[in-house]
Amino acid sequence: MNPLRLRPLAPLREIKNQSMKLYRLQRILSNLRRNSRSKSLKLLQQRGGSVNDFSIRRAVETDIPQLAAVHVKAWADTYFTYRNPPTYEIRLSQWKESFRNNDGSWFAYVVVDKNNNVIGFAKGKTYSTADLPDYQGELNKIFLLFDYHRLGLGTRLLVKVAEYFITMGINNMVLFSEPSNPTGWFYEARGAKKLYGKNGGFHGGYAWDNLRDLVKMVKVV
Ligand SMILES: CC(C)(COP(=O)(O)OP(=O)(O)OC[C@H]1O[C@@H](n2cnc3c(N)ncnc32)[C@H](O)[C@@H]1OP(=O)(O)O)[C@@H](O)C(=O)NCCC(=O)NCCS
């Protein structure tokens, strides 16, 4: 083997290994910001509420202001290192645009408390790309306000999205996140597999190959 030919590859491999380690470390550090289940329960009790207070329903146009507000807050808390996170005006116009283009290619669910306050949401979209031709559904967004994490509400939202895709004749879905986002552990706990790029790297993509299995799995958890 010619060592001269190998030399340029070594630093590249090193950089790749370092960045893999970095996303794992970022994931662990970001996860420290999350509430434990007991902290979320305590906060709920302090507000006089309980886990039975929440329901999930399809998002409607009049939810737009609350969707935008929750989107801004939960996004900024999730991606807390971003200096200029999207503003309320940006999210408002994005949600308005989505509802204007209500062509059946997307749907959203909201989690509401007993006073109909939105505390989280998920959006599903049909998916079609040459890179991942086997997948027809995309979990495009899933966000809960941090005070409501680890109460099982994310799982309930995920199942609603899966069930709706099934009614559309779609039995699989992908999602794309930041590799450093600890929410990856949530997807893995709920049966998603990691998607790897052509270079073998993990870039934050996940997939469920069988949404019926996801729904069945969650019903017994
Ligand atoms: C993703 C999200 C909706 C999950 O909702 P949730 O209500 O907190 O999740 P659940 O309570 O249903 O969690 C179910 C299980 O998933 C796993 N899980 C969830 N979050 C986890 C985490 N950060 N680390 C490890 N495991 C996790 C656990 O096994 C958990 O069960 P447990 O709490 O009994 O241990 C919520 O964490 C969230 O809004 N995250 C921030 C927004 C975000 O990153 N969105 C994705 C952008 S692409």
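Tutor: Here is a walk through the sheet, strand by strand, and then the shell around the ligand.

This is a predicted model; local features need pLDDT of at least 70, side-chain atom pairs count only at pLDDT 80 or more, and totals for chains, interfaces and linings use all residues. Residues are numbered from 1 along each chain as its sequence is written.

Start with the order. The open sheet has 7 strands, arranged β1-β2-β3-β4-β5-β7-β6, and the pairing is mixed. Strands (E, at least two residues) and helices (H or I, at least four) are DSSP runs, numbered from the N terminus. Two strands pair if DSSP finds at least two bridges between them. β1 (55–58) and β6 (193–196) stand at the edges; each has a single partner strand, so one side of each is left without a neighbour in the sheet. From one strand to the next, the twist averages 30 degrees. Axes here are lines fitted to C-alpha atoms, for helices over the stretch in contact, and angles run from 0 to 180 degrees between N-to-C directions.

Now the pairs. β6 and β7 (residues 202–208) are antiparallel, over 3 bridges. There, Lys 193 stands opposite Ala 207 of β7. β5 and β7 are also antiparallel, over 4 bridges. Met 173 faces Trp 208 of β7. β4 and β5 are parallel, with 2 bridges. Glu 138 stands opposite Val 174 in β5. The chain goes from β4 through α6 to β5 in a right-handed β-α-β crossover; that is, with the strands pointing away from the viewer, the path from the first strand over the helix to the second runs clockwise.

Helix α6 (residues 153–167) packs on the sheet. It touches β1, β2 (106–112), β3 (118–126), β4 (137–144) and β5 (173–176). Contact means C-beta atoms, placed from the backbone, within 7 Å. The direction of α6 makes about 30 degrees with that of β3.

Last, the ligand. Around it are 22 residues, of which Gly 154, Thr 155, Thr 183, Trp 185 and Phe 186 come nearest. A residue counts as near if its C-beta atom, placed from the backbone, lies within 6 Å. α4 (64–78), β4, α6 and α7 (183–189) each give two or more residues to this shell. The largest share, 4 residues, comes from α7.

How values were computed:
Contact = placed C-beta atoms within 7 Å.
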